[in-house]
Amino acid sequence: MKFITAPSCYLVIKPLVDDTELRDFLLDNEFTGEKLESRTIPVGERCIAIGSRTCYQSFDVGREHVEHIKHLIGVGHGSTLEHSNYGMLITGVSRSLTHELVRHRQFGVSQLSQRFIEHDDCNFVVPPALLNEWRLNPTGIEAEKYRADCQSTLADYLWWLDAYKRLGYTGKEAKEAARSKLTNDVETRILITGDLRCWRVF
């Protein structure tokens, strides 16, 4: 059992542009594509530029890239931001936090399932309200009480997990029933993917 005081975040999904297909489109339609020069524009922003310049046929003309993106955001042309997707894999967070995260329904979400994972040695995320005291006085009464409560939670979960198995439930059924004993500060992991419009709203 570990006590987690800070989350970790990994950018695992990033946008991609197929330069061969893009070049074929530009050549077939007699564009040079100079406003989409790949060496000067990050790929995530190129996705936005392809979308917006498709609207205006401005692959060769118009504002330079940085001004172009600022203009799109300034005039509220948010649909062009939807072409650039990013996925964050977040660990070391509580189910209390993820319950708030998944309220942003524009995201694609995949979260660790308590029905399929046996929590025989789970970690606990120290609640934000306790963090300062935890760091300043790690052996104080509050920190010790929190550790004891977490150990009790884990013991209760394991007792009931065994009990449901003794009663004849399958592994998944037993885990599903026993998870009611887990508190919201048990660590979970979640992958959240959304386009840049979603991330700006979030």
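Strand β3 (85–94) and helices α4 (95–101) and α5 (128–136) each supply at least two residues of the lining of the largest pocket, where helices (H or I, at least four residues) and strands (E, at least two) are DSSP runs numbered from the N terminus. The model is predicted, with local features needing pLDDT of at least 70 and side-chain atom pairs counting only at pLDDT 80 or more, while totals for chains, interfaces and linings use all residues. Residues are numbered from 1 along each chain as its sequence is written, and side-chain values use heavy atoms, without hydrogens and water.

A pocket here is an open set of points on a 1 Å grid over the protein atoms alone, where a 1.4 Å probe fits, with protein on both sides within 12 Å along at least five of seven lines; lining residues have an atom within 4 Å of a point. The largest pocket has a volume of about 220 Å³, taken as the space filled by probe spheres set on the points. Of its 15 lining residues, Ser94, Leu97, Val125, Val126 and Pro128 lie nearest the centre. Strand β3 gives the most to this lining, with three residues.

The second largest pocket holds about 160 Å³ of space, and its lining includes Asp19, Arg23, Glu34, Glu37 and Arg46. Helix α1 (residues 19–28) gives the most here, with four residues. By class, this lining has three nonpolar, three polar and five charged residues.

Asp18 caps the N-terminal end of α1, with a side-chain oxygen 3.1 Å from the backbone nitrogen of Thr20. Just after α1, Glu30 takes a positive phi of about 60°.

Technical notes:
Ala, Val, Leu, Ile, Met, Phe, Trp, Tyr, Cys and Pro count as nonpolar, Asp, Glu, Lys and Arg as charged, and the others, Gly among them, as polar. A polar contact is a pair of N or O atoms within 3.5 Å; within protein, one must be able to donate a hydrogen and the other to accept it, and residues adjacent in sequence count only if both atoms are side-chain atoms.
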